[in-house]
Amino acid sequence: MFDVTFKYADNNTVICQNIVRIETVSGSGYRSIAGDELLNCHLNHGSVIYLYSDSANYSVSTAGLLSIAIKKQ
């Protein structure tokens, strides 16, 4: 599992914990990234990033996004 931290230009921070999979919009639909691939991926700053855990899911906007940190637990 992974903790994902989003930092924005307005100094807001969003932390999503226990993430097992991330999806982003790609030219051919959705791109799904899971497991240790999350540590080596390049996330496209499209309009929304979808994150999934065993007990929750998140939709995070990329508007004003400055950085994304992915840390393995």
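1. Start with phenylalanine 6: its bridge partner is valine 14, in strand 2. Strands here are DSSP runs of E with at least two residues, numbered from the N terminus. Strand 1 and strand 2 (residues 13-26) pair in the antiparallel sense over 5 bridges; two strands count as paired if DSSP finds at least two bridges between them.

2. A quick word on provenance. This is a predicted model, where local features need pLDDT of at least 70 and side-chain atom pairs count only at pLDDT 80 or more, while totals for chains, interfaces and linings use all residues. Residues are numbered from 1 along each chain as its sequence is written, and side-chain values use heavy atoms, with hydrogens and water left out.

3. On confidence, pLDDT is the predictor's own score for each residue, from 0 to 100. The protein averages 92, and 100% of the residues score at least 70.

4. Threonine 24 stands opposite arginine 31 of strand 3.

5. Then there's strand 4 (residues 48-53), which runs antiparallel to strand 2 and is joined to it by 5 bridges. Here isoleucine 22 has leucine 51 of strand 4 as its bridge partner.

Notes: Helices (H or I, at least four residues) and strands (E, at least two) are DSSP runs, numbered from the N terminus.
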